[in-house]
Amino acid sequence: MRTAEPIWTHGRDRQARAPVTRPAPRTHRVPQVVILAAGMGTRLGRSLPKPLTPLMDGRSIMQQQLDGIREVFGPAAPVTVVVGYRSKAIMRAQPDLLFAFNPDFATTNTSQSLFRALRTSQPGGVLWLNGDVVFDPAVLDQTTALVDVDQSFVCVDTATVADEEVKYTVDGDGFIVELSKTVVGGLGEAVGINYVSATDKPALIEHLAACADTDYFERGMETAIQQAGLRFRPLDISQFSAVEVDFESDLERANTWLSSRARLEPLAGGFS
């Protein structure tokens, strides 16, 4: 379970408690976005693909992700979803997106899904998300400065370092050097939202291709860092909510945050 606390952290919600004058939105680079949604999601124990799991506000996990992507990067942001398990259900739910298919979804892990997506992507950097992360759109707000300069990064939560999660360490310049579940002395957890620059993408594709079928994509990132010199910056998003939904308790936590945010929205709407 990957989370970032506290629940009451949405920056725009805080601003909504008093009348403010908001500047015109700044134009950002619009990245290609990939959502990894091929897995079977057996730990949550639902018949539908995990990204289609309904949330308390009526949206699916994937719809909540797409709403955040469009809120931050605009409606024209290109989104490709890697599908596998019950792929037609996801395609019917989001027929206007692009899709890549992982036919070996039952026997491969996220390294192979990301490999397929990056290999067929257009020139330029790629922002990718695990398809089971429910997150505050403010997380993506935090990424725009690095996306604008095309700097590879990993969104991390430094408030928690659970043994079963992907952890990281950094070198003397502050770039990630280790990234796996077996890291000792980790500084925080990866939350499942990452970006690879246009320059770094070819090397990452090469290292993902060399991964074992059962490897997570972090294995390809780690070997690319250590063998090809890629430099991923850890981007601390601990002040905002991000929940990776693996179990029912994670879903309850995600819904608690959504409920808290919903209670603030009428107040936010009262100000111009």
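**A loop residue and its surroundings**

Modeller: M40 sits in the loop between β1 (32-37) and α2 (61-73). Please bear in mind that this is a predicted model.

Biologist: On to the charges. How many salt bridges are there?

Modeller: The count comes to seven salt bridges. Among them, the side chains of K50 and D132 meet at 2.9 Å, N to O. That pair links distant parts of the chain, 82 residues apart: K50 is in the loop between β1 and α2, and D132 is in the loop between β4 (126-130) and β5 (133-135).

Biologist: Are K50 and D132 buried or exposed?

Modeller: K50 has a relative accessible area of 11%, so it counts as buried. D132 is buried as well, with 10%.

Biologist: What else does K50 meet in a salt bridge?

Modeller: The side chain of D246 meets K50 at 3.3 Å, N to O. D246 lies in the loop between β11 (242-244) and α8 (248-268), so its pairing with K50 ties together parts that are 196 residues apart in sequence. Both D246 and K50 are buried.

Biologist: What about D157: which strand is it in, and how far away is the nearest side chain of opposite charge?

Modeller: D157 lies in strand β6 (residues 153-157). D157 is buried yet has no salt bridge, and the nearest side chain of opposite charge, R253, is 8.8 Å away.

Biologist: Then what does the side chain of D157 reach, and with which side chain does it make a polar contact?

Modeller: The D157 side chain reaches the backbone nitrogen of A159 at 2.9 Å. It also makes a polar contact with the side chain of S238, at 3.1 Å.

Biologist: Changing topic, how many residues does α7 have, and which of them are buried?

Modeller: Helix α7 (residues 217-228) has 12 residues and reaches 16 Å from its first C-alpha to its last, close to the 16 Å expected. Its buried residues are F217, E218, G220, M221, E222, T223, A224 and I225. After α7 comes G229, which has a positive phi, near 80 degrees.

Biologist: And the protein overall?

Modeller: The secondary structure comes to eight helices and 11 strands. Of the 272 residues, 53% are buried. Among contacts with a separation of 6 or more, 75% join residues 24 or more positions apart.

Biologist: Where does the pLDDT stay under 50?

Modeller: The average pLDDT is 88, and 87% of the residues score at least 70. Residues 1-24 stay under 50, although the model has 73 contacts for them beyond four places in sequence. Residues 267-272 are also below 50, with eight contacts beyond near neighbours in sequence.

Conventions
Residues numbered from 1 in each chain as written. Heavy atoms only, no water. pLDDT = per-residue confidence, 0-100. Contact = heavy atoms within 4.5 Å. Helix = DSSP H or I, 4+ residues; strand = E, 2+ residues; numbered from the N terminus. Buried < 20%, exposed > 50% of the residue type's maximum accessible area, 1.4 Å probe, protein only. Lys, Arg positive; Asp, Glu negative; His and termini not counted. Salt bridge = Lys/Arg side-chain N within 4 Å of Asp/Glu carboxyl O. Polar contact = N/O pair within 3.5 Å; in protein donor to acceptor, adjacent residues only side chain to side chain. Expected span 1.5 Å × (residues − 1).
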